[in-house]
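Try each task before you read its solution.

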Amino acid sequence: MGRPAIAKKQPTVDMTAMCDVAFLLLSFFILATKLKPQESVTIATPSSVSKQEAPSKDLVVISINPAGKVFFSVQEAEKKKAMIEDAAKLANVNLSPDEVDKLTKQSMIAVPFAQLKQQAAMNDKEIGDKLPGIDVQDSAHNEMRTWLRAANDAYFGTKMNLLIKGDNVAKYPQFREVIDALKANELFQFQLVTNPEAVPTGTLLWESENERKK
Amino acid sequence: MADVDLGSDDGKKGPGVKKAKKLSTRVDLTPMVDLGFLLLTFFVFSSTLSQPASLHLTMPDDRTDTPDDANQAKASGALTILLGKDHSVFFYEGEPSPTGATWKESSMADIRSEIVRKKQSTPADDFVVVIMPGDNSVYSDVVAILDEMKISLVDRYALVNIDDVDKKILASKEH
């Protein structure tokens, strides 16, 4: 019985197409990626149904970490420098120009005024959760007011996006003091950083959104 | 790697025929694909997947003591929500009571139905929600309640500091 001989072929998979796809996706992600900025203080923000994207320009961020420590950061170096000089003057802290420069280069203000000089001497890696944070014990000792007053002066006439970035488990009193400080400086509009979440079905917002779609 | 070697199929030539060595010009692309996907995974994971959202909050200017008639809500239309320890939620309708007799306990999950019920049973002009977070409440609770205002389309709400009477009642009700 002559069975036809099965031709021995080498089953080759051509990898070229696969390679093309991989590198196409790779180049897309490289170009589209914004690398996560290194955060010296880790904060898990709560979620909300708000769809508005958080701004990324002209940021003035007040962070409240899980332990309730308050940190303050300003994005633009020029404004930050003016703010630090102003705040130091208001709080009667004598900073040399060199110290002001160093503080401007650091990612955030993380100490009470009394220790500002020590922070200026630190390198950027030391700035983080371990520092005591800005003093906001109660309305009598609220250094956030001074900082915000200085920030307000530095941003005079220009837009400032005030963000409060609080951690889920941060206690309310610190948040209240931060709001008090904002109010005291006539800053009544600010934004809370949240993670986007879906609108629960059946709620009034959900219904109104569905109606709009129709 | 991508080819499976099934042995060479030469050797069928007759004796004396010298086989010319065929050099394959094919380049094995498998490692290249591996590398591509490796880098791809790295960039997928390290990229910021979702831009954080932000919740707008506008605080009233309450430093001046001039009562603005337009902002004065009728007490009967007010729903006061108090936040306590361990995500506990209390609420009362209308005037505050000095003893806390009108207080009811709720939870983060149930408060939505209370807000909607109160909203539907009060004239729209009178309805206002007052949020009073206690000293033991956490930031996420405050944001969750502010979020509830958005979810239930409450236009008028206020974040108010808790007063001493309510603070005492809250402390007695917190477990």
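A quick term before we start: pLDDT is the predictor's confidence in each residue, on a scale from 0 to 100. You'll need it because this is a predicted model.

**Exercise 1. Find the mean pLDDT of chain A, then say where in chain A confidence is lowest and where it is highest.**

Solution. Start with the whole chain: the mean pLDDT of chain A is 81, and 96% of its residues reach 70 or more. Now go helix by helix.

**Exercise 2. Work out how α1(A) and α1(B) are oriented to each other.**

Solution. First, get the angle: α1(A) packs against helix α1 of chain B (residues 30-46) at about 25°, and their axes are 9 Å apart. Next, apply the cut-off: angles under 35 degrees count as roughly parallel. The two helices, α1(A) and α1(B), are therefore roughly parallel. As for handedness, they cross in a left-handed way. Then look at who touches whom: α1(A) brings residues including A:M18, A:F23 and A:F29, and α1(B) brings residues including B:M32, B:F37 and B:F43. Sorted by class, this contact has 15 nonpolar residues, 1 polar and no charged ones.

**Exercise 3. Which residues of chain B lose the most area to chain A?**

Solution. Begin with the whole contact, which takes 55 residues from chain B and 59 residues from chain A. Between them the chains bury about 5,400 Å², with 65% of it on carbon and sulfur atoms. On the chain B side, B:A53, B:S54 and B:Y139 lose the most area, together 14% of what that side buries.

**Exercise 4. Describe how α5(A) meets α6(A), then how α2(A) meets α5(A).**

Solution. Take α5(A) (residues 143-154) and α6(A) (residues 172-184): their axes come within 8 Å and cross at roughly 40°. That angle makes them oblique, therefore, to each other. The crossing is right-handed. On the α5(A) side the contact is made by A:M144, A:R145 and A:L148, and on the α6(A) side by A:D180, A:A181, A:L182 and A:A184. Those residues split into 5 nonpolar, no polar and 2 charged.

Now for α2(A) (residues 77-90) and α5(A): the axes come within 8 Å and cross at roughly 135°. This makes α2(A) oblique to α5(A). Here, too, α2(A) passes α5(A) in a right-handed crossing. Among the residues in contact are A:M83 and A:L90 of α2(A), plus A:W147 and A:A150 of α5(A). By class, the contact has 9 nonpolar, 1 polar and 4 charged residues.

Methods
Residues numbered from 1 in each chain as written. Chains lettered and ligands numbered in written order. Predicted model: local features only at pLDDT ≥ 70, side-chain atom pairs only at ≥ 80, totals over all residues. Heavy atoms only, no water. Axes fitted to C-alpha atoms, helices over the stretch in contact; angles between N-to-C directions. Helix = DSSP H or I, 4+ residues; strand = E, 2+ residues; numbered from the N terminus. Parallel < 35°, antiparallel > 145°, perpendicular 65-115°, else oblique. Left-handed = near helix turned anticlockwise from the far one by under 90°. Contact = heavy atoms within 4.5 Å. Nonpolar A, V, L, I, M, F, W, Y, C, P; charged D, E, K, R; others polar. Buried area = accessible area lost by both parts, 1.4 Å probe.
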